[in-house]
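Have the structure open while you read.

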Amino acid sequence: MKLHTKTQCNLQNLAFLLNPKIRGWIHYYGKIKRNSLKPVFYYLHHRIFKWILNKYKRFKRSRVLAVKWLRRITRPYPNMFYHWELGYQLT
């Protein structure tokens, strides 16, 4: 996935693009062992952070500020990404 190149999208559009894939991963791989999806979502969060760093220039030098910004977004919109609904929050 080349999320970091989709800087023309906003976070809602990115969630709209990713949610069908995430839902498919959970329905396919989650039937056997849901705990095995944690590394996948950890990597997905890493890719979303990279997207934030490329999209917003104010976060260009600080990954910590990007993480804090995304955590602030998760409070009012806890259902934006499908895996957030199921409890795979940011770590």
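The crossing of H1 and H2 is right-handed. Keep in mind that this is a predicted model.

**H1 against H2**
- H1 covers residues 11-29 and H2 covers residues 38-55; they pack at an angle of about 165 degrees, and their axes are 13 Å apart.
- That angle makes H1 roughly antiparallel to H2, since anything over 145 degrees counts as such.
- On the H1 side, the contact uses Leu 11, Leu 14, Leu 18, Ile 22, Trp 25 and Ile 26, which meet Val 40, Phe 41, Leu 44 and Trp 51 of H2.
- Sorted by type, the residues of this contact come out as ten nonpolar, no polar and no charged.

**The largest nonpolar core**
- This core has 27 residues, and the ones that touch the most other members are Leu 11, Ile 22, Ile 52, Leu 70 and Phe 81.
- H2 gives the largest share, with seven residues.
- Setting aside neighbours within four places in sequence, Ile 52 is in contact with Phe 59, Ala 66, Trp 69 and Leu 70.

**Ala 66**
- You'll find Ala 66 in helix H3, which spans residues 63-74.
- Ala 66 counts as buried because its relative accessible area is 0%, and the cut-off is under 20%.
- Not counting residues up to four places away in sequence, Ala 66 touches Ile 52, Leu 53 and Phe 59.
- From Ala 66 to Leu 18 it's 48 residues in sequence and 19 Å in space, C-alpha to C-alpha.

Notes:
Residues are numbered from 1 along each chain as its sequence is written. This is a predicted model: local features need pLDDT of at least 70, side-chain atom pairs count only at pLDDT 80 or more; totals for chains, interfaces and linings use all residues. Side-chain values use heavy atoms; hydrogens and water are left out. Axes are lines fitted to C-alpha atoms, for helices over the stretch in contact, and angles run from 0 to 180 degrees between N-to-C directions. Helices (H or I, at least four residues) and strands (E, at least two) are DSSP runs, numbered from the N terminus. Angles under 35 degrees count as roughly parallel, over 145 as roughly antiparallel, 65 to 115 as roughly perpendicular and the rest as oblique. A crossing is left-handed if the near helix is turned anticlockwise from the far one by less than a right angle, and right-handed if clockwise. Contact means heavy atoms within 4.5 Å. Ala, Val, Leu, Ile, Met, Phe, Trp, Tyr, Cys and Pro count as nonpolar, Asp, Glu, Lys and Arg as charged, and the others, Gly among them, as polar. Buried means under 20% relative accessible area, exposed over 50%, partly exposed in between (1.4 Å probe, protein chains only). A nonpolar core is a set of buried Ala, Val, Leu, Ile, Met, Phe, Trp, Tyr and Cys residues joined through side-chain atoms within 4.5 Å.
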